[in-house]
Amino acid sequence: YLASLPAESRLIPFIFSDDEVAIIALSDGRMDVYNVAGTVLTSNYTTNCNWTTAQLFELNFAQFGDTIFVAHRNNPLRKIFRVSASSFTVTAFTFSAHSTGYPIYEPYYKYADSTTTVTPGATSGTGVSLTASANTFTSAWVGLKLRHKKKTMTVTGYSSATVLTVTINETLTDTTAATDWDEQTISTLRGYPQAVTFHNNRLWFGGLFSRPAAVLASKTSEYTNFDVDDAGANDAIDMDIAGDQVNEVRHMLSGKELLIFTDGGEYYVPPASDNTISPSNVSIEKQTPYGIGRTAPQMFDQAAGYVQKNGKTIREFIYSDIEGGYKSASVSVLAQHLIDSPKQIAIMKGNTTRPEQYAFFINNGSTIPGQLSVFHSIRDEKIAGWSKWFTRSSDRYQSII
C-alpha cells in the first residue's frame with residue numbers, strides 16, 4: 001500500500017530518467033501525481049483536465065522528454081508537463097505560428113465539395129463578408145479559421161448557409177471566387193485526433209471524427225508544426241488511409257515501423273531505403289483485417305499485443321520474414337474464458353530479481369470484471385501461457401502500469 005486514489009482513476013507512467021519515475025493518476029476532470037514511494041507530488045490539479053471518468057480508458061498518450069500528449073476523439077489535445085521533479089501541470093496543445101502570429105502552422109483541409117467556391121468581400125479588415133457558392137456554413141463555424149488561397153481569416157459571424165462574416169488575419173491575394181480554400185482540420189466542428197505517437201522524429205495524429213482515416217505528422221523535429229508547405233522532405237504529412245471502407249484510426253504504435261491500428265484492420269508505414277518517412281515516399285500498407293477496440297496496444301516480446309474489437313481475442317501484430325509482412329496471430333485461443341473486454345494492457349519486462357516478462361490485461365466485461373488475465377511469453381524458447389489473477393471477491397483491479 002502506497003496511497004489512496006481520489007476516485008476511479010487511470011494510471012499513466014511518467015519516466016523522465018532511470019532515477020526519476022512518477023505515477024500520474026487521471027480521474028474525472030482531475031490529475032494527481034505521485035512518486036514511486038507514494039508521496040504526492042501534485043495534488044488535485046484540475047486546470048485544463050478535460051477528461052471524464054467514462055473517457056479515462058479511451059485516452060491515448062505519448063511521452064517525449066518532459067511532456068505527455070493526451071488525446072481523445074471528443075476532447076481538445078492536452079499536454080501534461082513536468083515543470084520540475086515535484087511539479088506537473090496540464091496545458092492546452094497549441095500549434096506553432098509565425099513570429100507575427102500568422103500563419104498558424106496547423107493542418108487545413110477542404111471538407112466541402114471540391115467545386116464549391118468562396119468569395120471574400122475585401123482583402124483585409126474586420127466585418128468582411130465571405131460568400132460560398134453552395135450551402136456550406138452553419139452557426140458552428142463561428143470562431144473557426146478558414147483560408148482563401150492559403151491566407152487566413154477568422155469567422156466572427158454567421159448570416160446564412162452561404163454567408164459568413166470574417167476578420168482577415170493575413171492580407172488576401174485577391175477577392176476572386178476560388179475553389180482554393182480550406183478550413184482547420186482539427187476544430188470543435190470537425191473533431192479531434194484520438195491516436196497519438198512519436199515516430200521517425202515526428203509527432204503523429206490520427207482518427208479525427210470528420211476524417212476517421214486521416215493520418216497526420218508534424219514536420220521533422222518540430223512537433224507543433226503541421227505545415228505541409230511544398231511537401232519537402234522535412235515538411236508535415238497529411239494523408240488518408242485508402243480502402244473499400246472507411247477505417248477509423250484508433251491507435252498508433254512506434255516500433256521498428258509505425259504501426260497503425262483501425263477498427264477495420266492493421267497497417268504499417270514502411271520507411272524508405274534511407275530509413276526516412278517524408279511526404280514524397282510515405283505509404284500505408286494494410287496487413288491484417290481484424291480491427292482493434294478502444295484499448296491501447298502495447299509492445300511485448302517483440303510484437304504489438306492488442307485486443308481485437310470483439311473484446312474476446314488477444315492478437316500479436318508481428319513481422320514475419322516468411323510471409324514478407326505483418327501477421328496478427330491469436331495468442332488466446334486456449335484462454336477464451338480469461339478474456340472479457342480488457343480495458344487496459346500493462347507490460348512487465350522483468351527486473352533485477354525476476355527475469356520473466358508478463359502482459360497484464362484488466363478485464364472489463366460482465367463475466368470477470370476487474371480481474372487480471374496474465375500472459376507469459378518467451379518467444380525464442382517457444383514458451384507461452386495464461387493465468388488469472390483476482391483479489392477479494394468484492395474488489396476489482398482498477399488500473400495497472
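**Exercise 1. Is Tyr326 buried or exposed in this predicted model?**

Solution. Take the relative accessibility of Tyr326: 8%. Buried means under 20%. Tyr326 therefore counts as buried.

**Exercise 2. Classify Tyr268 in the same way.**

Solution. Tyr268 has a relative accessible area of 12%. The cut-off for buried is under 20%, so Tyr268 is buried.

**Exercise 3. Find how many aromatic pairs the structure holds, then classify the pair Phe198 and Tyr223.**

Solution. The structure holds 23 aromatic pairs. For Phe198 and Tyr223, start with the ring centres: they are 5.2 Å apart. Next, take the planes: they stand at 85°. Planes over 60 degrees apart count as edge-to-face, so this pair is edge-to-face.

Now place the two residues. Phe198 lies in strand E16 (residues 195–199). Tyr223 lies in the loop between strand E18 (214–217) and strand E19 (237–240). The pair therefore ties together parts that are 25 residues apart in sequence. Both Phe198 and Tyr223 are buried.

**Exercise 4. Classify the pair Tyr268 and Tyr326, and locate both residues.**

Solution. The ring centres of Tyr268 and Tyr326 are 5.0 Å apart. Their planes are at 50°. Tyr268 sits in strand E22 (residues 266–269), and Tyr326 in strand E27 (residues 325–330). The pair links distant parts of the chain, 58 residues apart.

Technical notes:
Residues numbered from 1 in each chain as written. Predicted model: local features only at pLDDT ≥ 70, side-chain atom pairs only at ≥ 80, totals over all residues. Heavy atoms only, no water. Phe/Tyr/Trp six-rings, centres within 6.5 Å; stacked < 30°, edge-to-face > 60°. Helix = DSSP H or I, 4+ residues; strand = E, 2+ residues; numbered from the N terminus. Buried < 20%, exposed > 50% of the residue type's maximum accessible area, 1.4 Å probe, protein only.
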